[in-house]
Amino acid sequence: MSRIVYVNGEYLPEEEGRISIFDRGFLFADGVYEVSAVLKGRLVDNQAHLIRLHRSLTELNIPQPLSDDDIIAAQNRLITQNNLEEGMVYLQITRGPADRDFAFPDNPEPTVILFTQQHALIDSPLVERGITIRTVEDMRWKRRDIKTVGLLAPSMAKQIALEAGADDAWMVEDGYVTEGTSNNAFIITHDNVVRTRQLSNLILHGITRAAILRLAQREPITIEETPFTREDAYGAKEAFITSATAFALSVVEIDGHSIGDAKPGPLVRRLRELYIDTALGE
Ligand code: PDD
């Protein structure tokens, strides 16, 4: 069934959405994006995604082509026109079309596209099963705090994991886990310490990560934002990922090592429940 998509101010059937072959998003991955979850037809934590979008654009010196109000109006119009109850809205802004040159164009005309995808987020089958992880070398650039569309390295990492029979990859640099291919990585130790890597240019500053760390403060657990190794992860009591679309999702096996009893554990369940309740209550 054809969706309505947004392309530079127009709402079109997806088959009619067109951008230039000279778009710098296409030629140089010169663009940024955001994924906001939708539950019961409403955007989840969208303001935080828009704040990160501004930051990504500013870091790359791409002019912000639309006001927040215009972006929110476009997101909501697509949700309505596509009857989206649960899933996500994708938003991408590139520096726009320009004759191919490594230098940035003087007067960029950014390209803005949005589309929706329907997904069962709350009742994903992965919630009961938990996911399995393979660790791989982190081959990405050094500005992972900018949410760019340059996603080939994590895409390759995910493919390596899938071909090894796992659900996703955790990327490792200098012996420490950075993050998942499209999510932040966490472990919970046997003395109930939630560990996740501290914010820096080496990971994306996840919006869901921040929300989960806020919610975790309500529970009888300690939070430590420090890097952890593969071996730390193999010996964890529980492990999980966070992202806009995964919320908090249990990891039950890493590189063939069972985490706990290889079933989703109670602390992650609790954090997921708290996150969903908060999201629905917004
Ligand atoms: N990915 N780390 C990376 C590398 C990511 O790509 C993402 C999000 C996250 C989690 O961030 P947040 O909680 O703000 O979604 C962490 C999105 C969902 C994607 O690319 O589809």
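A backbone N or O atom of S182 sits 3.3 Å from a nitrogen atom of the ligand, which counts as a polar contact (a pair of N or O atoms within 3.5 Å). Taken as a whole, the protein covers 89% of the 470 Å² of accessible area that the ligand has on its own, with areas worked out by the Shrake-Rupley method and a 1.4 Å probe. The model is a predicted one, where local features need pLDDT of at least 70 and side-chain atom pairs count only at pLDDT 80 or more, while totals for chains, interfaces and linings use all residues. Residues are numbered from 1 along each chain as its sequence is written, and side-chain values use heavy atoms, leaving out hydrogens and water.

Side chains reach the ligand too. E179 has a polar side-chain atom 2.6 Å from a ligand nitrogen atom, and K147 places a polar side-chain atom 3.2 Å from a nitrogen atom of the ligand. There are 19 residues around the ligand, and Y33, E179, I207, T208 and A244 come nearest; to be counted, a residue needs a heavy atom within 4 Å.

Next come the empty spaces. Rolling a probe the size of a water molecule over the atoms shows where empty space is left. On a 1 Å grid over the protein atoms alone, a pocket is an open set of points with protein on both sides within 12 Å along at least five of seven lines, a cavity is a set where a 1.4 Å probe fits but cannot get out, and lining residues have an atom within 4 Å of a point.

The largest pocket has a volume of about 1100 Å³. Its lining takes in 45 residues, and T181, S182, N183, S243 and T245 lie nearest the centre. Elements giving two or more residues to this lining include β3 (31-39), β9 (176-180) and α6 (207-216), with helices (H or I, at least four residues) and strands (E, at least two) taken from DSSP runs. The top contributor is α5, with four residues. By class, the lining has 20 nonpolar, 16 polar and nine charged residues. Domain 1 (4-118) and domain 2 (126-281) each give at least three residues to it.

The second largest pocket holds about 230 Å³ of space. Among the residues lining it are R24, F28, D30, F104 and W141, and the lining splits into six nonpolar, two polar and three charged residues. Here again, domain 1 (4-118) and domain 2 (126-281) each supply at least three residues.

About 50 Å³ of space lies in the largest cavity, whose lining is made up of V127, A248, L249, S250, P264, V268, R269 and R272. Five residues of the lining are nonpolar, one is polar and two are charged.

Technical notes: Points joined across faces, edges and corners; volume = space filled by probe spheres on them. Nonpolar A, V, L, I, M, F, W, Y, C, P; charged D, E, K, R; others polar. Domains from an automatic or database assignment. Polar contact = N/O pair within 3.5 Å; in protein donor to acceptor, adjacent residues only side chain to side chain.
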